[in-house]
Amino acid sequence: MIRHSSSKKDSMFYFGVDYYPEHWPEERWPDDARLMAEAGFNVVRLAEFAWSKVEPREGGYEFSWLDKAIDILGQQGMKIVLGTLTASPPPWLMSAHPDTFRVRADGVRVTFGNRREYCLNNPVYHDYTRRIVTQMAKHYGDHPTVIGWQIDNEFGDRCYCPVCARAFQNWLHRRYGSLDTLNQKWGTVFWSHTYTDWSEIPLPLTTGGSPNPGLALDFFRFSADSYVAYQQMQMDILREKCPKHFITHNFMGFMYDGLNYHALAEPLDFVSWDNYPLMMNADAARMAIAHDTMRGLKRSGFWVMEEQSGPHGWENVGPTPRPGELRLWVYQAISHGAEGIVFFRWRTSRFGTEQYWHGILDHDGIPRRRYQEVKRIGEELKRIRNMIAGSRCRAEVAMLLSYDDRFAFQIQSNNSRFSYSDHFQLYYEALHRLNVPVDIVSPRGDLSDYKLVIAPTLHITSEEIVSNLQRYVEQGGVLVITFRSGVKDEANAVVNLPLPGLLADLSGIEVVEYDSLLADGRNGLEFVIPRLSTMVRKTSCEVWCDIIEPKGAEVVARYTEDYYAGRAAVTQNNYGLGETIYVGTIGDVAFYHALMRWLLEKAGVEPLLATSRAVEVTAKERDGRALLFLLNHASQDEEVELEKRYRDLLTDKAVEGETTIPGKGVLILTQE
Amino acid sequence: MIRHSSSKKDSMFYFGVDYYPEHWPEERWPDDARLMAEAGFNVVRLAEFAWSKVEPREGGYEFSWLDKAIDILGQQGMKIVLGTLTASPPPWLMSAHPDTFRVRADGVRVTFGNRREYCLNNPVYHDYTRRIVTQMAKHYGDHPTVIGWQIDNEFGDRCYCPVCARAFQNWLHRRYGSLDTLNQKWGTVFWSHTYTDWSEIPLPLTTGGSPNPGLALDFFRFSADSYVAYQQMQMDILREKCPKHFITHNFMGFMYDGLNYHALAEPLDFVSWDNYPLMMNADAARMAIAHDTMRGLKRSGFWVMEEQSGPHGWENVGPTPRPGELRLWVYQAISHGAEGIVFFRWRTSRFGTEQYWHGILDHDGIPRRRYQEVKRIGEELKRIRNMIAGSRCRAEVAMLLSYDDRFAFQIQSNNSRFSYSDHFQLYYEALHRLNVPVDIVSPRGDLSDYKLVIAPTLHITSEEIVSNLQRYVEQGGVLVITFRSGVKDEANAVVNLPLPGLLADLSGIEVVEYDSLLADGRNGLEFVIPRLSTMVRKTSCEVWCDIIEPKGAEVVARYTEDYYAGRAAVTQNNYGLGETIYVGTIGDVAFYHALMRWLLEKAGVEPLLATSRAVEVTAKERDGRALLFLLNHASQDEEVELEKRYRDLLTDKAVEGETTIPGKGVLILTQE
Amino acid sequence: MIRHSSSKKDSMFYFGVDYYPEHWPEERWPDDARLMAEAGFNVVRLAEFAWSKVEPREGGYEFSWLDKAIDILGQQGMKIVLGTLTASPPPWLMSAHPDTFRVRADGVRVTFGNRREYCLNNPVYHDYTRRIVTQMAKHYGDHPTVIGWQIDNEFGDRCYCPVCARAFQNWLHRRYGSLDTLNQKWGTVFWSHTYTDWSEIPLPLTTGGSPNPGLALDFFRFSADSYVAYQQMQMDILREKCPKHFITHNFMGFMYDGLNYHALAEPLDFVSWDNYPLMMNADAARMAIAHDTMRGLKRSGFWVMEEQSGPHGWENVGPTPRPGELRLWVYQAISHGAEGIVFFRWRTSRFGTEQYWHGILDHDGIPRRRYQEVKRIGEELKRIRNMIAGSRCRAEVAMLLSYDDRFAFQIQSNNSRFSYSDHFQLYYEALHRLNVPVDIVSPRGDLSDYKLVIAPTLHITSEEIVSNLQRYVEQGGVLVITFRSGVKDEANAVVNLPLPGLLADLSGIEVVEYDSLLADGRNGLEFVIPRLSTMVRKTSCEVWCDIIEPKGAEVVARYTEDYYAGRAAVTQNNYGLGETIYVGTIGDVAFYHALMRWLLEKAGVEPLLATSRAVEVTAKERDGRALLFLLNHASQDEEVELEKRYRDLLTDKAVEGETTIPGKGVLILTQE
């Protein structure tokens with residue numbers, strides 16, 4: 001269950017848009033503000049890329065244009081979220097300090113022409129950052145219309161410059177204390193990599209070839225930490241100068257795995273993220289997992305700071321959202337925990353790299369179909385706002401997401417067909433298809449409220465993580481772990497133990513061999529537990545096969561082919577009051593569907609509602625009362641069978657029994 | 001209709017070969033010259049890569065070998081075209097001036113080992129250029145055997161070095177006058193790219209990421225202009241010292257889109273180009289569009305300065321021309337406007353990067369099949385030369401080719417499946433298949449002689465271009481424009497108008513939405529105009545769908561699927577005495593075939609002759625009398641039905657009624 | 001026939017493992033040594049990557065740990081092969097001398113992080129090399145347990161640094177004497193590449209574009225020579241200080257073509273190589289050709305210095321060897337000439353880049369299935385060791401392998417679908433499928449003992465090579481050459497002769513044209529010689545078609561399609577007492593099968609035994625008595641028909657008539 005963190009968020013439901021007044025003549029601003037108000041907006045994000053407008057020359061600050069824009073918007077009832085400007089340093093800065101340009105993994109320094117081209121550890125850039133953020137904070141700290149800040153924009157990209165090399169060496173010094181410890185943990189004795197001076201430690205540049213896994217993992221951690229530190233540097237200024245404002249940062253959903261989002265989220269008041277459904281093929285589960293991941297970072301509601309409102313694209317134009325989709329996606333976001341929705345962007349830019357990243361309005365500024373749809377949402381939200389405000393998501397199933405593991409698999413994917421994210425999604429999708437709410441949380445988090453916990457490829461383990469899991473299972477939890485769990489210690493070395501390493505006790509097995517399947521290699525799987533074999537008798541598996549010797553566990557499924565035919569592939573082990581299921585391979589959709597139904601029964605978790613595949617069902621809870629969201633992702637109508645009598649908040653009509661949801665349509669039901 | 005520009009071309013039909021005497025012992029030269037004469041040659045291109053033979057050491061010039069080669073060739077009746085040598089600077093030059101090496105788009109400076117490795121804006125290289133061209137011009141300005149010059153060789157490749165960066169900044173200064181104007185036109189306010197000093201403006205290096213479209217387009221224009229200037233620098237010397245000689249440059253056909261060929265062609269006496277049919281899969285239409293493009297640059301006859309004579313290839317050997325193909329391709333070239341044919345190359349080089357770029361003779365110098373075929377052409381040409389000399393191409397249909405648009409789509413292809421060149425060819429091929437002659441001209445050119453003008457994706461528009469089109473349609477012309485027309489202003493910003501922008505009046509429509517189709521996305525099309533729907537009732541479209549709201553125009557075809565089923569896809573609008581057809585999507589071959597037949601009927605254009613697909617028919621006109629070329633691109637015989645009685649120039653026989661053209665065969669018919 | 005070179009190899013059969021005691025705690029070493037002894041091992045390779053353990057600080061040497069490891073292993077009966085340490089320079093060395101890092105072909109200098117990152121021509125690295133090798137040699141020269149040395153590890157990778165550029169220029173100076181000669185041989189007149197100073201000569205960096213073929217070939221030769229020289233520098237030290245020890249280097253089989261393995265092998269006592277069957281898909285013929293190539297380098301028995309013992313892989317884990325495969329591969333190696341088998345590696349490393357390159361033991365050090373299989377081999381070898389010791393391979397068929405040709409085809413593959421290695425393998429596989437032993441030798445070697453010699457694409461020819469072949473055929477040999485033979489002289493220029501150049505006399509043909517087939521281009525082939533046309537009447541060919549005019553030769557097969565239908569594709573020419581077969585194209589499997597049967601009959605070569613495809617049969621000879629190895633590469637049982645009565649050494653049972661070989665099973669038969 002996600003608990004609501006105390007924060008500077010108020011109970012207001014924010015609905016608005018990202019706006020770039022600096023792109024358009026001032027005469028247009030009042031019209032834009034009026035159209036926004038008519039769309040039902042109450043919040044606008046401004047200025048995250050406006051550094052050169054605010055400081056056109058070094059030390060010369062110009063706030064008047066922004067003050068004016070804020071005034072015009074404020075008069076139409078908008079509240080303002082401001083960017084801290086650091087996402088796009090002006091040419092005068094970068095030209096004067098070419099060392100501040102980021103260096104890529106191939107050792108090449110980037111040049112001017114895009115955004116976020118800076119090295120985030122560069123001391124000169126730090127100075128400029130502190131100066132501009134301080135100016136902004138001082139100017140807007142007491143502004144009545146401003147309610148909060150977004151730090152920079154979509155943090156990402158590792159820098160491999162000499163400044164970072166020195167910073168990395170210092171970071172390692174702090175982490176390991178001595179070179180002897182570092183050499184021992186990383187196993188630098190391999191290939192004579194033993195370092196005799198901190199300055200000898202290289203970055204894992206691609207010019208260095210396939211790196212030592214310990215070095216590479218630590219560098220990825222160091223990069224992630226550098227972003228946390230850079231964010232904190234900005235937050236410290238804002239906290240001091242704008243104590244009443246909230247601070248957030250816009251994250252990038254589930255798929256992005258370059259930073260440690262748990263650590264980055266920690267100091268923020270709440271998480272925001274940028275939701276572009278058409279970059280996920282508008283796939284319901286892929287959008288859902290992103291929302292749930294974002295909600296799980298702080299176990300709390302979040303904002304969508306950029307919600308797709310038109311075709312996206314840089315050099316190429318993406319497909320256009322179909323009628324009804326903008327609305328559908330907004331309600332999906334809300335149902336998964338969004339407490340603010342900010343569309344990206346108001347009007348499509350006529351110039352710049354993002355010329356084809358469309359907003360609600362087209363280049364010509366004329367409101368057309370997409371504006372009308374947004375306006376409809378605005379009207380609906382005005383009506384139901386009070387009925388959904390303060391509602392919270394509630395899940396009995398958790399999945400454990402580890403950024404350390406993501407980094408480790410970036411370095412060594414173990415099998416070229418293996419993807420941590422894809423594998424994680426297989427489990428998520430099986431639950432999503434059954435309409436079972438899921439929390440996505442850190443393996444270090446409190447698991448006591450969950451009935452079922454799934455930890456796919458829990459690769460890097462520590463005593464801390466293992467104790468957390470043991471505690472959970474001992475007290476009656478049902479835990480699922482999979483192949484490649486327990487393989488690595490925290491220095492990315494393989495444990496000096498039979499696999500699954502520190503998880504052996506919990507799982508009651510020993511992995512005596514494994515077979516990494518190339519190309520289209522497959523094996524067969526057969527369930528031996530009656531409840532499962534009645535659902536699916538035989539199925540196939542791929543990518544990886546752990547050959548398991550039960551050491552107390554019971555066999556759930558076994559292989560049917562090759563020299564390990566008959567050996568265990570999936571096992572179940574009683575541990576304390578709970579049990580651990582170990583899944584040694586990757587199955588197909590039918591396999592996960594059956595497995596999940598069995599696990600839910602075992603754990604006593606009830607799906608929300610049985611529906612056709614196109615209809616997603618999610619739930620929120622408010623004052624002890626459930627809100628059921630029925631989201632039809634298909635273009636055609638879909639039928640659902642409601643066993644109880646409900647009222648639909650959107651139409652304010654009663655519904656029960658066989659009910660039709662129109663294509664791309666939404667019902668928000670409360671039991672009458 | 002292409003008019004003949006006044007030039008230093010004489011009425012002679014030139015037929016010859018590119019020859020590298022410096023590759024072979026002097027004792028062989030007389031044999032080569034004799035074999036050339038026996039093949040019917042009267043022109044030889046020499047020396048475009050011979051700088052290190054002419055100036056083996058800085059300032060030490062050696063012309064004697066070249067004089068001797070020219071003498072030997074002259075004695076066999078050859079005229080000489082000389083290269084200006086600058087295409088391959090010698091090692092002594094490049095070693096002494098490493099800054100003259102070109103820098104690639106990824107920021108890496110090239111090194112010695114190929115050709116044209118120089119930066120074309122480098123002042124040191126300019127000095128060397130002036131010096132060597134002056135020496136050549138002085139030495140050969142009055143030579144009785146020399147008739148003209150080829151500047152450098154196959155201009156291309158942009159340079160991204162610091163010298164070019166400064167030259168680009170100066171070019172921008174001249175173009176925009178002030179930084180304010182530049183910042184406003186490019187929209188540098190986007191992502192804080194506002195420049196405060198000209199020196200801050202970067203090149204669009206790949207290290208800078210996806211660039212500002214305005215900056216990128218201007219850099220491509222600057223590069224194109226730099227080539228024009230570099231060519232002019234050489235021309236000025238030659239004009240002064242060799243006033244009787246013609247000057248040309250060898251272009252690279254239709255597909256090459258890195259330079260502005262209209263601007264590059266302008267100062268030349270005539271255009272030459274390098275025709276390698278096997279690099280175009282010997283596809284009749286692809287070869288034809290290349291010839292027509294080259295003819296259109298100056299609206300005049302052209303030379304083929306390099307005509308394929310054997311397998312081409314660098315590391316790999318291409319396929320060998322089939323028997324009859326060399327002859328077929330020569331007559332195709334002539335029928336499309338070639339007034340000189342120079343084979344590349346005489347004898348296959350035994351060494352160097354182009355070791356496998358075969359000539360008429362093999363490495364061993366023995367005349368074999370290909371030589372015999374060339375000789376046959378020579379004999380024929382001798383016979384028919386007078387009958388084709390002075391003949392001109394004549395077309396009633398024009399297609400508008402814009403290098404600005406090609407640059408723009410290089411920067412932003414709008415859809416990863418969209419290619420300007422492929423889309424352009426779809427229209428051309430439909431006309432070619434119907435045996436309708438086409439001129440390919442600039443959108444700025446005079447269109448008054450054409451009955452039908454087709455302007456695919458006329459992306460970047462200006463008042464000048466739009467007025468030109470309006471004038472044409474007002475006076476009764478039929479104009480076709482397509483999706484993505486009128487989208488951009490000259491700074492590569494999207495227009496601040498409903499689409500198709502400045503073309504809205506002409507087309508009588510508004511594009512209210514567009515849908516960029518990913519991967520294998522398709523929609524259906526259905527014609528609503530009876531003349532068309534009887535030809536093709538339903539067909540499909542792909543890549544891009546404009547959703548059109550007619551504002552006076554009539555609907556020609558509409559979509560059949562998705563949420564915009566029933567909306568207009570193709571429209572027709574009366575304007576003045578003429579009409580504009582707007583095509584909002586990409587159809588299939590059947591679509592274009594039907595559309596083109598309808599358009600030709602509408603415009604009153606008659607195809608030359610109906611034939612099977614393999615037989616291309618083209619026409620030239622001489623003294624008011626038509627020459628009909630029938631070119632059979634198939635290996636097997638093809639039948640044609642001739643409604644009139646003709647004489648075939650090649651056989652001097654009468655032909656009429658059902659007539660057989662042998663595989664790879666050619667008829668050149670005049671009405672008796 | 002391969003003759004046994006005199007060497008420091010003793011008659012002992014060595015069976016052992018590569019071991020890295022430095023990766024594990026000393027307390028574990030005695031257990032490891034005991035387990036090795038129990039597995040039947042008698043040799044261990046140590047220390048090739050242990051430089052930083054032996055010289056942890058510049059000039060501070062620490063041998064005690066290695067002495068101790070050797071003692072412990074020696075006490076269990078192991079002999080020791082030592083690496084010379086130079087394969088992995090320590091961080092302190094590379095950090096202090098950044099110029100010693102290798103430069104890649106793209107001009108980018110590599111950075112620290114892997115192994116063999118050094119420039120092998122760097123004088124500073126030479127100094128360090130001499131110092132560390134001298135220290136090792138002095139310390140272990142008289143050690144009773146040490147028997148030999150492995151120089152460095154898996155030589156490879158060309159360096160393109162400025163030091164190499166100067167070394168290359170000097171190498172060229174020595175090779176050509178004068179720039180005039182070099183310019184003339186390379187044909188630098190092409191594109192004005194004429195050099196006027198040695199310092200102008202560039203390296204063939206990729207930044208220089210497609211290079212002059214002569215320059216590129218010489219650079220590849222120079223790189224290969226540099227490795228020979230670097231190896232010799234180490235050997236000179238070892239020869240002086242350790243006169244009783246053998247010296248070897250571990251090569252990389254057939255597929256590796258970056259060095260001249262004939263030259264590299266020459267000074268060594270014997271060749272070793274690293275055999276990873278699963279990197280060859282465990283394909284019997286691909287493993288066999290690798291063994292035969294390695295045996296042919298010195299025409300002598302060899303060691304497998306690294307024999308796969310588990311899944312291989314860096315970032316990804318390869319498949320695991322199936323039960324029986326480790327044993328099968330060991331006997332295959334022995335049957336092809338291996339006189340030592342050393343498994344890689346003892347225990348899977350817990351850290352470092354090769355974390356997933358598995359050894360006999362898993363990361364946890366527990367002996368499991370793979371250890372048991374190795375142990376079984378050890379037991380068998382102990383039993384049969386005396387019966388196989390001193391046995392030698394004997395072949396009547398030779399294939400000629402030229403590293404010069406491999407380099408040339410790396411530079412110009414002639415056809416993008418052509419691969420020298422694949423083409424070579426087509427012939428080898430046809431022989432392998434018929435169970436005919438093959439020697440793979442240099443075209444310069446003595447061929448007098450062979451009945452059939454096959455020289456695929458003998459591209460670069462010299463008088464020396466051609467005389468060698470003429471001598472062979474004159475005396476009654478049967479020689480096969482193929483298309484693209486005789487095309488180049490030693491400077492990689494095309495010969496100034498009709499093709500096949502210097503081989504024209506031998507083959508009695510002239511190649512009057514060739515057709516390089518693109519993409520999926522094919523022609524048909526039809527045999528005209530009755531013996532062949534009864535086996536295969538019609539078949540197809542691809543990639544390349546020489547069009548042959550017989551000049552005395554008889555037609556064996558002709559083309560059936562295209563304009564050269566009916567022209568000769570394969571010919572046979574009597575020459576002296578022998579004959580030459582010329583194959584002008586690439587056929588399919590059926591073609592080579594038929595051709596090979598015909599050739600074997602012609603040459604009087606008898607296959608060893610007819611078997612199903614899965615069963616490989618090889619032979620060795622010992623004291624005039626044949627040992628027949630029957631190797632079943634399939635997983636299921638296979639039947640063979642034995643016409644004589646044999647004894648199986650492994651089971652010591654008599655076998656005759658229909659005999660079953662179990663899946664992955666092996667028989668070693670001697671006639672009773």
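Predicted model: local features only at pLDDT ≥ 70, side-chain atom pairs only at ≥ 80, totals over all residues.
The axes of helix 8 (residues 213-241) and helix 13 (residues 403-411) of chain A come within 10 Å, and the crossing angle is roughly 130°. That angle is why we call helix 8 of chain A oblique to helix 13 of chain A.

Who's actually touching whom? On the helix 8 side, you've got Pro213(A), Ala216(A), Leu217(A), Phe220(A), Arg221(A) and Ala224(A). Helix 13 of chain A brings in Asp404(A), Phe407(A), Ala408(A), Gln410(A) and Ile411(A). Sort that contact by class and you get 8 nonpolar, 1 polar and 2 charged residues.

Chain A has an open sheet of 9 strands, with parallel pairing, and the order goes 5-4-3-2-1-9-8-7-6. The edges are strand 5 (246-248) and strand 6 (250-251) of chain A, each pairing on one side only. Take strand 6 of chain A: its parallel pairing with strand 7 (residues 272-275) of chain A runs over 2 bridges.

Helix 11 (residues 325-335) of chain A lies across strand 8 (302-308) and strand 9 (338-344) of chain A, at about 150° to strand 9.

Chain A is divided into domain 1 (14-154 + 241-390), domain 2 (397-603) and domain 3 (615-671). Going by C-alpha atoms, the centres of domain 2 and domain 3 of chain A are 34 Å apart.

How values were computed
Residues numbered from 1 in each chain as written. Chains lettered and ligands numbered in written order. Heavy atoms only, no water. Pairing = 2+ DSSP bridges. Helix = DSSP H or I, 4+ residues; strand = E, 2+ residues; numbered from the N terminus. Contact = heavy atoms within 4.5 Å. Axes fitted to C-alpha atoms, helices over the stretch in contact; angles between N-to-C directions. Domains from an automatic or database assignment. Parallel < 35°, antiparallel > 145°, perpendicular 65-115°, else oblique. Nonpolar A, V, L, I, M, F, W, Y, C, P; charged D, E, K, R; others polar.
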